[in-house]
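Biologist: Can you walk me through this one? I'd like to start with a strand, then move on to the chain contact and the confidence.

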Amino acid sequence: MKQVMHQGSARRVAAIAGTLLLALQSWTPSSAGPREQARRIHDRLAGVPPTDAVLTQMASDISGGQADAAAQLAMNNKNFYNVTLKNFVAPWTNRDRTVFVPLNDYTATVIGMVRDDVDFSTLLSADLLYVSNASGAPAYSASNNDHYQYLDDNNVDLKATLQPATQSGLLGLPVAATAGIMTTHAAAQAFFINGTNRAMFRFTMINHMCRDLEQLQDSSLPPDRIRQDVSRSPGGDSRVFLNSCITCHAGMDPLAQSFAYYNFDSTTNTLQYTDSTVQPKYLINSDNFKTGYVTTDDHWDNRYRQGANQVLGFDGALTGSGSGAKTMGQELAHSDGFAQCQVEKVFRAVCLRDPGNAADRASVQTIKTKFKTTGYKMKQVFADAAIYCMGN
Amino acid sequence: MNRMLRIPHLLLIGLAALALNACSGGAATTSNPNGNGAVTAASYIGPAPSTADVQAFKINLWQNINTPNRCGNCHKAGGQSPMFARSDDVNLAYNDALTVVNLSQPDQSTMVLKVAGGHNCWLSSAQSCADILTTWIKNWAGGVSSGGTQIQLQAPVVKDVGSTKTFPATATDNGAASFSTTIYPLLSQFCSRCHSANATTPQTPYFASSDVNEAYANAQAKINLDTPDLSRFYVRLHDESHNCWIPQGATAVSCPQSSAIMLAAIQAFVDGIVPTQVDPSLQLSKALTLYDGTVASGGNRYDTGIIAKWQFKEGAGSVADDTSGVDPALNLNLSGDTSWVGGWGVAFGPNGGEARGGAASSKLYNMIKGGGEFSVELWAAPANVTQEDSYMASYSGGTAARNFTMGQHAYQYEMFARSSATDANGAPALLTSDVDRDAQASLQHVVLTYDPVNGRRLYVNGNYTGDMDAEKGGSVGNWDDTFVFLLGNETSGNRKWQGTIRFAAVYNKALTQEQIQQNFAAGVGERYFLLFDVSALTGVSQAYVMFEVSRYDSYSYLFNKPTFISLDPAAKPGSIAIKGMRIGVNGSEAAVGQAYAPLDTTVTDANYTAGVGQKLSAVGTIIALQKGPDSDLFFLSFDQIGSAMHVRTPPAAPQPATPADKPESSQLGVRVFSEINASLSEVTGVSMNDANVKATYALVEQQLPSVPTIESFVASHQVGVAQLAIQYCDSLVEGGQAASFFPGLNLSAAPATAFADTSALIDPLLAKGVGVNVTTQPADADVRAELNSLVTKLESCGSSCAADRTKTITKAACATVLGSGALLIK
């Protein structure tokens with residue numbers, strides 16, 4: 001690469017640019033008009049500044065009381081998908097929760113679902129996978145990420161090229177074993193690898209219910225489904241179990257049983273599904289508590305329907321139990337807590353802060369209600385949040 | 001009423017219904033004989049044993065007890081009856097001994113029970129004497145019984161569930177003694193920083209919520225109404241030093257004072273509650289304590305070849321007795337950070353403790369050296385899986401010389417065994433596979449065996465770990481008889497191990513896997529069958545729900561194998577639905593551990609077997625200890641048992657309090673790495689796939705802002721932004737797109753000519769890089785002034801200007817705008 005400027009020049013430019021930055025920080029407009037509001041909406045949704053033509057159109061829409069149209073126009077920019085949504089989703093796909101990971105089938109599927117206004121409550125249960133039809137891209141593989149790595153390396157327009165496909169077709173899973181993003185290759189590689197599959201449950205709760213296990217603790221739930229591998233007397237002190245371990249495992253283990261037939265094989269780099277056969281990882285360390293629960297199938301029960309976590313608002317139309325990850329995913333995604341979480345995440349991404357006061361909370365409630373009653377369209381959530389935070 | 005039941009797969013025997021008068025009325029029982037003295041039996045000169053069984057009695061029991069310092073002082077010829085320790089005729093002694101032993105169930109022998117009750121034990125612990133006698137009788141009976149444990153179920157004395165205190169309905173009940181005025185003020189003041197939904201990092205349960213009702217609902221599980229000082233609120237402060245505070249009038253954080261204040265508040269709350277009878281609407285079984293149950297211990301261990309054994313039943317004092325019955329007794333002295341564990345065991349704490357033997361350690365040398373093989377068996381619970389070079393059991397003389405050692409190395413166990421194939425330190429050590437993670441912070445049965453053929457082998461929970469010993473084939477002829485045996489550390493004191501040992505034994509043979517599995521299956525600790533009377537609820541004669549219950553550790557009981565059973569062999573249950581079974585302790589249902597609450601099963605004639613019963617659940621659960629096994633009174637409650645019903649109304653979920661408002665935060669943010677890259681591409685029209693751009697972006701990607709929070713923007717971010725902006729501007733100018741971006745700007749001209757009017761340079765930058773007519777962006781005039789100043793400064797190179805100076809100045813002006821807050825801030 002040609003040396004365009006030596007390091008000293010870079011520092012000088014940085015210093016001058018920094019001066020401009022400081023000048024801007026010290027200056028605050030008294031109010032924002034339609035152009036300023038349009039600029040912010042575009043900045044927040046597309047991640048890039050608008051062209052003057054787009055800005056003018058958006059400002060016109062806002063002036064005409066059509067702020068939603070302005071937001072939709074901003075989301076027509078490919079960078080809403082390639083940049084904003086990719087950054088929005090990427091941390092969900094790995095244990096470190098870092099945004100610095102390549103595009104993968106998990107991220108692409110969420111981006112595709114948003115683009116196509118797919119019912120987002122199927123996020124954890126759909127037989128759906130988005131692939132690109134970009135020329136030159138390697139075909140999707142169930143054993144590597146080459147397809148998406150190519151798209152990432154070449155900044156391929158995801159808005160234009162993503163196409164819906166099925167996991168049952170591409171991953172070879174039975175339709176009943178598909179569970180939305182939980183059964184993508186990327187999610188499996190991150191959360192079904194080694195361990196006991198509790199990681200898939202925990203990270204699903206973090207990413208899609210906005211609650212880590214610490215926020216779900218409830219010691220009142222029955223411990224009958226806690227597996228044998230959980231010591232009831234860690235280090236010889238059962239108080240640790242009674243006061244700590246049980247508060248998470250009593251609710252988690254009956255739900256995580258839904259993943260009993262899944263494993264990520266790091267040798268073949270593929271997601272395994274052993275229909276009707278419990279994975280050995282569910283039966284490890286069985287001597288830690290011999291009379292603990294022995295997993296025999298993938299039946300799950302949602303104990304959070306009792307106790308303090310009722311506040312998650314599970315769907316009364318569902319039974320709260322079932323078999324397999326697909327129905328468990330439906331149980332979670334049909335809850336009020338799931339919808340609330342999606343809206344809060346979008347609010348944070350677009351408004352650059354958490355809902356912090358009564359007005360913010362009321363707005364989140366309004367957006368959530370609309371989200372739930374109009375087909376769980378995530379794009380609309382982005383639009384509504386951006387409009388709320390466009391300034392006035 | 002004492003009905004007996006035959007348990008299939010277990011052999012039933014009757015207890016010997018013999019009354020042992022023994023020395024109870026004699027003057028010779030005024031003091032305990034000194035069993036540790038050097039008193040030895042004189043050579044036997046009486047009649048020869050008449051049968052093989054008499055011979056077995058002679059060598060296994062009689063020789064051990066007929067000395068004056070044990071039973072021979074009283075139960076001798078002409079002494080107290082029965083004269084089982086008489087020295088004149090072993091055949092007569094045998095006949096008397098048969099009246100006080102139970103060869104099928106040695107630990108239930110009258111002789112054993114008598115000594116266990118405090119009758120003339122020659123050690124400080126009566127239990128240790130009883131265990132030693134049990135061993136001797138067991139050896140007489142044939143070492144290892146091939147049958148199972150013999151158990152007689154006995155109907156317990158009928159007890160009703162007592163009264164108890166229950167939580168008031170609301171946080172404000174009981175006025176000045178209400179939760180809201182006693183405990184809540186402390187929680188609200190000192191715990192809300194975490195245990196509140198409004199906390200920065202909320203930690204459930206929210207017992208310090210700003211909503212007192214939510215706090216009360218969550219606080220109840222942390223308050224013990226029967227024993228306030230067992231309340232978690234108190235224990236967390238007092239025992240665990242969890243976020244104590246600076247009490248009023250103090251100058252520093254004080255856990256003792258904080259905990260005392262908390263305890264006083266809890267006590268005030270508890271004192272305001274009037275005890276009530278157990279909820280009368282519950283369907284209850286009868287009640288009983290742990291010791292009302294039938295003893296289920298006496299598991300079928302394989303003890304042949306045992307030369308030292310520690311069961312840690314003493315529970316007090318500073319000596320753990322060797323109860324192997326093999327003299328000399330290798331008793332261990334406890335010192336340092338050690339404590340007795342409920343349900344038998346010794347805990348070795350973080351400050352280093354040990355249980356060390358003395359000169360009698362040479363017993364191990366003397367009894368192992370001849371055969372050349374040995375085993376060490378432990379029931380151990382490592383306190384953690386991070387400690388390394390921590391020795392659990394060692395027979396050694398320091399860190400450089402040993403006969404054998406079992407240690408823990410994080411998730412691995414390590415074994416040293418000195419032989420002709422190793423050095424004097426028993427090295428190289430044999431470590432279990434790191435991948436297998438054999439060592440866990442839970443109670444494990446760990447057995448080290450050594451024999452010349454296989455060398456060292458380790459068995460964890462009955463299974464061989466598969467780790468082969470490369471140093472096998474040696475002999476133990478180079479062992480040192482001056483070494484000392486100890487648990488929990490090295491003799492030098494610098495290999496401390498943290499955890500609990502609940503059983504330890506040394507054998508002078510290498511146990512087989514089958515024998516080890518037998519001992520693993522036998523378990524450790526005391527177990528009882530608790531029979532909860534449900535006759536009245538079911539209408540079935542002598543009907544019980546039976547649990548196998550044990551002390552799990554110092555803080556809980558293990559409830560296991562719930563079984564519906566009738567002691568009436570003729571009873572038929574018919575069809576009895578059992579739903580929602582809960583374990584109660586001291587008048588109220590246990591708050592945590594109700595594994596049988598979801599139970600939904602039916603006892604039927606088809607599934608019920610007389611004498612065996614019908615198992616209700618395969619899982620076990622642990623229930624917190626409250627007052628101790630002497631006092632804790634257990635009972636069962638049912639949502640349904642037979643036709644008896646209790647309609648349980650689940651408590652409503654506490655409603656979360658309205659969150660407190662957060663401090664106002666910036667309405668502005670900065671673009672993050674990929675947004676900056678895309679923005680620069682959008683503004684300049686240079687593709688992100690431009691080779692130079694890609695290379696620079698790869699270089700600075702993680703130097704750019706990763707979060708949009710403007711407060712976290714730092715100087716290094718700005719340098720990264722500048723580098724990327726410079727690259728885009730370079731590609732713009734050098735890539736031939738400059739003409740369309742800067743129409744009217746002659747990049748080939750000298751600076752003075754090209755920038756005679758800087759609007760050709762600045763106008764496009766303002767339009768595309770800053771935006772038109774957007775008042776939240778920097779004012780055009782301000783930017784123009786900055787750029788003009790920059791151009792003026794850079795073009796003042798006179799005749800020494802390089803040929804591409806105009807391009808360079810263009811790049812600089814471009815980078816200044818695109819790398820500035822005008823583009824960066826969103």
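**A strand, a contact and the confidence**

Modeller: Start with strand β10 of chain B, residues 390-396: it is mostly covered, with seven of its seven residues buried. Keep in mind that this is a predicted model.

Biologist: In what sense do β10(B) and β11(B) pair, and over how many bridges?

Modeller: Antiparallel, over six bridges; β11(B) spans residues 402-409.

Biologist: Which residue is the bridge partner of B:Tyr391 in β11(B)?

Modeller: B:Gly407.

Biologist: How many residues lie between the strands in that hairpin of β10(B) and β11(B)?

Modeller: Five. B:Gly398 in this hairpin takes a positive phi near 140°.

Biologist: And what about β10(B) and β17(B)?

Modeller: Those two pair in the antiparallel sense too, over four bridges, with β17(B) at residues 484-487. There, B:Ser394 has B:Leu486 as its bridge partner.

Biologist: New topic. How many residues does each chain put into the contact?

Modeller: Chain A gives 73 residues and chain B gives 91. On the chain A side, the elements giving two or more residues are α1 (7-25), α2 (34-46), α5 (78-89) and α12 (238-256). The largest share comes from α1(A), with 12 residues.

Biologist: What's the average pLDDT of chain A?

Modeller: 93, and 92% of the residues score at least 70. Residues 1-8 of chain A are below 50, with nine contacts beyond near neighbours in sequence. Residues 19-30 of chain A are also below 50, with 18 such contacts.

Conventions. Residues numbered from 1 in each chain as written. Chains lettered and ligands numbered in written order. Predicted model: local features only at pLDDT ≥ 70, side-chain atom pairs only at ≥ 80, totals over all residues. Contact = placed C-beta atoms within 7 Å. pLDDT = per-residue confidence, 0-100. Buried ≥ 20, exposed ≤ 12 C-beta atoms within 10 Å, placed from the backbone. Pairing = 2+ DSSP bridges.
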